[in-house]
Amino acid sequence: MNWIKWALGGATLAPRWADSLAVQIRWLARRVEWHLLGNHVLANAKALVFAGLFFAGEEAERWLAQGLSIYERQLPEQILADGGHFELSPMYHAIILEDLLDLVNLARSTGHADGRVFAGLPEIIGRMRVWLAVMTHPDGGPSFFNDAAFGIAPSRADLDRYADRLGLPAIAEPGDGVHHLASSGYVRVNDQDMAAILDVAPIGPDYIPGHAHADTLSFELSLGTERIIVNGGTSTYAPGPLREAQRATAAHSTVEVEGENSSEVWASFRVARRARIRELGIDRSPDGVRVSASHDGYRRLVGAPVCRRTWTFRNRALAVSDEVSRTRATAAVARFFLGPGVTITTGQDRSSGTIASERGRRLGWALDAQGRIEAATWYPTFGTARPITFLAAPLVAGRLTATFDWP
């Protein structure tokens, strides 16, 4: 696709380069990655469509028909009603959104914009842009749910500028209030300069959870353009302890029970038994917003404990209440990972203190238990690591409430 973009931009492909490109497309046409599915198949389809419109002849027409057939079958399945890509990774969502913008661009420049698949793309793109807006922090970067990192996909701002150049309709910014992505499962709450993104979603499609993390009921919170509470991020796909640790529940701002993962992530892209959301409730009132959900990811443990988390937003404060139902004594801990440059102090009782952002924004925190502050690592891009800290506290008798407030 990059070679073809380069050529369509005015460059000339030498004959042997064009021959090589045709050989590669011919190979791909016989080896579409149906064994991997998901974003892989959409990328294959894009390459076939690009080649089909770039080359001439019967073989090129077959490539074009094959690519369009894949899109016609896969887009209704992979792009959910709320616009989210079904693998539920903001990073891959942005990559696929760019691909669809490229297809609109290509179709217009080659006179194929009226084709059945091409004609439906602007509406799909509009839904995807809305989803990405909800899942993007005020700093312009993606939220870190499932596999996500900076520097891999184009930014939301870049994608919006691309859509503007193509003359596609603008979308509304997520304003104050609750934004529920009902099909994919995420909830965003905005209140003035606070933005919180809550994971009350499945980990992904049942048959392709390869980019999933065990992050159910985690959340991220920004004040202004600074990330205050975060998830751990992704820096590698290589098999081994680091990949396992980054996908683990213990790397996310949520509750871990008995030292186990809420979904059984294993190898680099595998998941066995996985958490499923139950009893989601969203209550809006003049006093604030309350979001509550539970998951059954620990049903495999003795006593089949169920985790419930409730976020209550009121008067520039957030109360996070956790409960683990139990028929026996169960060890559970809640972790709140603090963003890069964010510092935390605690009083002598270890149940309250202050948080300060890199730019001097201050928050208060309080627990109804004794907490501890520990060192951790944040993985914002592939191949990098940054030191951060986290606040952790046990669920005493299966319960914990943590409160954060800010001026």
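What share of the contacts in the chain with a separation of 6 or more do residues 24 or more positions apart account for? In this predicted model, where contact means heavy atoms within 4.5 Å, such residues account for 63% of those contacts. Because the model is predicted, local features need pLDDT of at least 70 and side-chain atom pairs count only at pLDDT 80 or more, whereas totals for chains, interfaces and linings use all residues. Residues are numbered from 1 along each chain as its sequence is written, and side-chain values use heavy atoms, with hydrogens and water left out.

The chain has eight helices and 19 strands, these being DSSP runs numbered from the N terminus (helices H or I, at least four residues; strands E, at least two). For 407 residues a compact globule would have a radius of gyration near 22 Å, and the 23 Å of the chain agrees with this; the radius is taken over C-alpha atoms, and the globule rule is 2.2 Å times the number of residues to the power 0.38. The C-alpha trace spans about 75 × 40 × 35 Å along its principal axes. Of the 407 residues, 54% count as buried, meaning under 20% relative accessible area, with exposed meaning over 50% and partly exposed lying in between (1.4 Å probe, protein chains only).

The largest nonpolar core holds 47 residues, of which Val-49, Tyr-71, Leu-100 and Leu-101 touch the most other members; a core of this kind is a set of buried Ala, Val, Leu, Ile, Met, Phe, Trp, Tyr and Cys residues joined through side-chain atoms within 4.5 Å. Seven helices, α1 (2-8), α2 (15-29), α3 (39-54), α4 (58-78), α5 (90-109), α6 and α7 (156-165), each supply at least two residues of this core. Leaving aside neighbours within four places in sequence, the contacts of Tyr-71 include Leu-42, Val-49, Leu-100 and Val-117. A second, separate core of 44 residues includes Ile-228, Ala-332, Val-342 and Trp-365.

Helix α6 (residues 116-134) has 19 residues and should span 27 Å at 1.5 Å a residue, which agrees with the 29 Å between its end C-alpha atoms; the expected span is 1.5 Å times one less than the number of residues. At Pro-122 this helix bends by about 35 degrees, the bend being the angle between axes fitted to the seven residues ending there and the seven starting there. Among the buried residues of α6 are Val-117, Phe-118, Leu-121 and Trp-131.

Strand β5 (residues 226-230) is largely enclosed by the rest of the structure, because five of its five residues are buried. Two strands pair if DSSP finds at least two bridges between them, and β4 (residues 219-223) pairs with β5 in the antiparallel sense over three bridges, with Arg-227 as the bridge partner of Ser-222. These two strands form a hairpin with two residues between them, and Gly-224 in the turn has a positive phi of about 60 degrees. Strand β5 also pairs with β13 in the antiparallel sense over two bridges, where the bridge partner of Val-230 is Phe-337.

Strand β13 (residues 332-338) in turn pairs with β18 (residues 386-394) in the antiparallel sense over five bridges, Ala-334 having Ala-393 as its bridge partner. Seven antiparallel bridges join β17 (residues 372-378) to β18, with Phe-390 as the bridge partner of Glu-374. In the loop between β6 (255-257) and β7 (265-266) lies Glu-258, which counts as partly exposed at 33% relative accessibility; the C-alpha atoms of Glu-258 and Thr-330, 72 residues apart along the chain, are separated by 6.7 Å.
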